Amino acid sequence: MSVRILVVDDSVTTRKLVSAALSSEGYEVLEAKSGEEALQLVEESTPDLAILDVVMPGIDGYELCRRLRNNEATERIPIMMLTSLDELDEKLKAFEVGADDFLPKPFEPAELRAHVKVLLRRVLTSFVRSGDDVHGKIIAIHSLRGGIGSSTLAVNLAAALYQLWRMPVVLVDLSLWNGQAAVMLNLSIRNSWSDFVDIPAEQIDATMLDQVLLSHDSGLRVLAAPPTPEVAELLSADVVQKVLSLLTEQYAYVVVDLPHDFQDTTLSVLDKAQNILLPLAPELVSVRAAATCLNVYRQLGYSKDAVHLVLNWTFERRGVPRKDIERALKRNISLVFPFVKDELVSALTLGKPPVLYSPNSAITSLFEDVAYFLSKDEHKQNPPDVKTPSLLGVMERMEARRRKRVRV
Ligand SMILES: Nc1ncnc2c1ncn2[C@@H]1O[C@H](COP(=O)(O)OP(=O)(O)OP(=O)(O)O)[C@@H](O)[C@H]1O
Ligand SMILES: [Mg+2]
């Protein structure tokens, strides 16, 4: 689901200009021609950011800003005032009523987009700093067998966690030789793990890290794998540990797509992960690889409860039956993903993972249910009053399953 921006201006020209500048970047724009109409729209769907004109007949921009700040659904959203008034006291008044930013007309579309990006990013990090939820949960996806959907799982799970809670979520691609997570999200790899080569771990700080993280329009942040593989050998486990610890201070969830190995860098994540998802396909080589992983986890002393086997049907038929796999591994499979070729292929070919681009599909519901299952207890026990559509969907499905069980 894309980021939703409310634009309120009585001038149709300005509305169209702002709208064009933002929709071209993939933002969803809601237009209102008055403060009154804006308040009505907000009742129907909460925007992620609002851009308000100051001088409007009826409820003006200042008053509208004040009311949005007093409304539970919109009290935290970034608000930008867009006006032809460039006087200092007008700006001060805007800040006084709760605006976060101010852009004088006329503006360049690129300038507007830059302001919007910065505002969205700032709100995402300040959210965690202001709350008590400062220790992110690390969920690692790890298997020794390649090509069985680890990255697909990582990308969609990270996106689903963000859609559920609207809290900061970062996807870390540690498949340093051949990571494709950024590509699966159609992000150009301007920055990546390569930026940390030659930098001592102790010199890496939150500001530097923030510059290296890519921003997806959905709100998800991504630490991309290097565009060229030779970097893989230049990154130390110390650097990976430092980056991970900084991320857990700022992000509620840190989802890590690991390479198919037990290198030091991989181990430094596995050691710290609260959950390890171990994907396997219903074929013998994959089951053998999973058995090796489970064995190594046991030797490393990882808690059994932290590890979940994920059976992923990457092909259509004639796989090893679930029961046989469970018997061979002496473990239950926690999650099963069916074969869903078309939608997952669109993620690979167009960089559009289903969780973000097909909100109503069955596979999205499944990823959301899995994300909920893996969410922190404190989030499940204290859900926000204003629930995201994704969380409402998960709750409805849980309720439907509960009713079905009661009836049976
Ligand atoms: N449940 C599924 N149904 C159909 N196709 C799937 C399913 N899960 C994954 N795939 C497909 O399998 C292929 C490999 O997926 P993906 O890249 O996520 O695996 P990986 O384990 O991360 O691979 P790599 O070893 O290259 O990192 C992709 O073409 C993906 O679309
Ligand atoms: Mg992968």
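Biologist: How far apart do the C-alpha centres of domain 1 and domain 2 lie?

Modeller: A word on conventions: this is a predicted model, where local features need pLDDT of at least 70 and side-chain atom pairs count only at pLDDT 80 or more, while totals for chains, interfaces and linings use all residues. Residues are numbered from 1 along each chain as its sequence is written, chains are lettered from A and ligands numbered from 1 in the order in which they are written, and side-chain values use heavy atoms, leaving out hydrogens and water. The domain assignment (bounds from an automatic or database assignment) gives domain 1 as 4–130 and domain 2 as 137–407. Their C-alpha centres are separated by 34 Å.

Biologist: How many residues of domain 2 are in contact with domain 1?

Modeller: Contact here means heavy atoms within 4.5 Å. On the domain 1 side, twelve residues take part, and on the domain 2 side the number is 16.

Biologist: Let's look inside domain 1. What do the buried residues of H2 pack against?

Modeller: Helices (H or I, at least four residues) and strands (E, at least two) are DSSP runs, numbered from the N terminus. In helix H2 (residues 35–44), the buried residues (under 20% relative accessible area; exposed is over 50%, partly exposed in between, with a 1.4 Å probe and protein chains only) are Gly35, Ala38, Leu39, Leu41 and Val42. Viewed down the axis, they fall within an arc of 160° (taken from the directions from the helix axis to the C-beta atoms), so they line one face of H2. That set packs against strand E1 (4–8), strand E2 (28–32) and H3.

Biologist: And which exposed residues are on the face of H2 turned away from its buried side?

Modeller: An α-helix has 3.6 residues a turn, so residues three or four places apart point the same way. Turned away from the buried side of H2 are Gln40, Glu43 and Glu44.

Biologist: What arc do the buried residues of H3 cover around the axis?

Modeller: Helix H3 spans residues 61–69, and its buried residues are Gly61, Tyr62, Leu64, Cys65, Leu68 and Arg69. They sit on the same side of H3, because the arc they cover is only 165°.

Biologist: How far apart in sequence are the parts tied together by the pair of Trp165 and Tyr372?

Modeller: Rings of Phe, Tyr and Trp (its six-membered ring) pair if their centres lie within 6.5 Å; planes under 30 degrees apart count as stacked, over 60 as edge-to-face and the rest as tilted. Trp165 and Tyr372 are stacked, at 6.1 Å centre to centre with 25° between the planes, and both residues are buried. Trp165 belongs to helix H6 (residues 150–165) and Tyr372 to helix H15 (residues 362–373), so the parts tied together are separated in sequence by 207 residues.

Biologist: Which lysine lies over the face of Tyr372?

Modeller: A charge sits over a ring if NZ of Lys or CZ of Arg is within 6 Å of the ring centre and within 35 degrees of the ring normal. Over Tyr253, that place is taken by Lys376, at 5.9 Å from the ring centre. Over Tyr372, at 5.4 Å, it is Lys380.

Biologist: One more: how far apart in space are Trp177 and Pro229, C-alpha to C-alpha?

Modeller: Trp177 lies in the loop between strand E7 (169–173) and helix H7 (181–184), and its relative accessible area of 44% makes Trp177 partly exposed. Beyond its neighbours within four places in sequence, Trp177 is in contact with Pro229, Ala232, Glu233 and Gln263. Although Trp177 and Pro229 are 52 residues apart in sequence, their C-alpha distance is 4.5 Å.
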